[in-house]
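Welcome to a short tour of a protein chain. Take a moment to look over the sequence and the model, and then we can walk through some of the details together.

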Amino acid sequence: AGGAGAIPEWRPQLPPAGPGDRPGRAAVEAARRAASSPAGRATGGEPRPAGPGAAAPERPARPAGAPVGAGSPGTPEPSAPAAPGGSPRARPYDFRIPDKFPKDILRQISHLHEGMSRTLTTSLSARLRTTVRVEDARAEQTTYDGFVREASNPAVLAAFSAEPLKGSALLEIDPVVAFPMIDRLLGGSGDSLGIARPVTEIELTVIGRVLSTILDNWREAWSHVTTLRPRVLGVETNPMFAQLVAPSEIVLAVTMTCGLGHQEGRIRFCFPFAMIEPLAHGVASRQWVAAVAEPPGSHEAEIREGLGTVLVPVSAEIARARLTLGQILAMRPGDVLPLGVPAGAPVCLRVRGQPRFTGRVGRRGSRLAVQILGSREEERA
């Protein structure tokens, strides 16, 4: 107490504590008894103080190691959705994988490889002579250890360089589609083997054609940013032996879905950050605009030049005859087969088995030759 006129200190009036009790223990016990009574259950069973000066009930202690707010009544978890008009939802962040690639860069790289997937669909379908689907290209950043853990084992992992970029990257083809591709290149139907086994040396040589096709399309996709020269350095079947960078190193993973017949697998790229960083800056500085439609026939000269070196078989058909199987079995050297056409009659020139021209058989020097007289299409017209 102070001197005259001083304001007396206010103290809460607590019920007397029993022997060995802490201050306020009696009030807590009284509140619990009130909650267990019929009147207390009617109010929802919440413990209430026994009187105006009673202490509030104690909260249960937070478990050791639990995050702040965990275990406290009425406190939402960090991952719980926020109430309408409340604070925004908490987003987890892994400090082991720092954001080295901005979101807009990842979107542009995904868009670039989405265009690559469309051209790769055409290229692989032409090489394998069957329908191939490549789609759903997406780019994301992860650690090299995370990329290796998601790889198949055994797998087809090709390490390749891309000058002038420094370092090397990985190209993975899922065995689910790699074996059907090998089967198609060897003349098969492209069915899956149904067993998991490593790729043999002969099969690695065959799948090298598919790897070259994929890298050619990848080079073409980046040609709008810079000129690259990809080259396969080696192929591994065990992901643990492909030591590209340190396990904790940040890499850019590009994943595409590949379908071949009833089989569906993945085609994945792995680019270390130090290697892909110059390309990422090139993508960021480039302004992506819609391509202007070119008039029809603008590439006709280029197409003709490219097709001009293609070799096709050409044959000259003199005549046709129909014989029985017995006559064919009775043929002996020296027998004469009448064809039913007069000597010097025009012959049919076939291109890849299709009739295209008519001609006359003769000699040029010491070799037989055929002189073209006209086109079969003109005759039909």
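A salt bridge here is a side-chain nitrogen of Lys or Arg within 4 Å of a carboxyl oxygen of Asp or Glu. Please keep in mind throughout that this is a predicted model.

**A charged residue without a partner**

With that cut-off in hand, let us visit Asp-174. This residue sits in the loop between β3 (168–173) and α5 (175–185). Asp-174 is buried and yet takes part in no salt bridge. Its nearest side chain of opposite charge belongs to Arg-266, 4.5 Å away. Which residues does Asp-174 touch, leaving aside its neighbours within four places in sequence? They are Ser-152, Gly-265 and Arg-266.

**The overall picture**

Stepping back, the protein has 381 residues, of which 29% count as buried. Its secondary structure comes to ten helices and ten strands. If we take the contacts between residues at least 6 apart in sequence, 64% of them join residues at least 24 apart.

One pair shows how sequence and space can be set side by side. Asp-99 and Ile-250 are 151 residues apart in sequence, while their C-alpha atoms are 9.2 Å apart in space. You can find Asp-99 in the loop between α2 (38–42) and α3. With a relative accessible area of 46%, Asp-99 is partly exposed.

**Where the salt bridges are**

How many salt bridges does a search of the whole structure find? The search finds seven. Here are some of them, each with its N to O distance.

| Salt bridge | Distance, N to O |
|---|---|
| Asp-145 and Arg-149 | 2.7 Å |
| Glu-150 and Arg-268 | 3.3 Å |
| Arg-320 and Glu-317 | 3.0 Å |

Let us begin with Asp-145 and Arg-149. Both lie in helix α4 (residues 144–150), four residues apart, which is about one turn of the helix. Asp-145 has 30% relative accessibility and so counts as partly exposed, whereas Arg-149 reaches 66% and is exposed.

The salt bridge between Glu-150 and Arg-268 links distant parts of the chain, with Glu-150 in helix α4 and Arg-268 in strand β6 (residues 263–272), 118 residues apart.

Helix α3 (residues 103–128) packs against α5 at an angle of about 45 degrees, and their axes are 9 Å apart. The two helices are therefore oblique to each other. On the α3 side, the contact is made by Leu-124, Arg-127 and Leu-128, and on the α5 side by Met-181, Arg-184 and Leu-185. Sorted by kind, the residues of this contact are four nonpolar and two charged, with no polar ones.

Key
Residues are numbered from 1 along each chain as its sequence is written. This is a predicted model: local features need pLDDT of at least 70, side-chain atom pairs count only at pLDDT 80 or more; totals for chains, interfaces and linings use all residues. Side-chain values use heavy atoms; hydrogens and water are left out. Buried means under 20% relative accessible area, exposed over 50%, partly exposed in between (1.4 Å probe, protein chains only). Lys and Arg count as positive and Asp and Glu as negative; His and the chain ends are not counted. Contact means heavy atoms within 4.5 Å. Axes are lines fitted to C-alpha atoms, for helices over the stretch in contact, and angles run from 0 to 180 degrees between N-to-C directions. Angles under 35 degrees count as roughly parallel, over 145 as roughly antiparallel, 65 to 115 as roughly perpendicular and the rest as oblique. Ala, Val, Leu, Ile, Met, Phe, Trp, Tyr, Cys and Pro count as nonpolar, Asp, Glu, Lys and Arg as charged, and the others, Gly among them, as polar.
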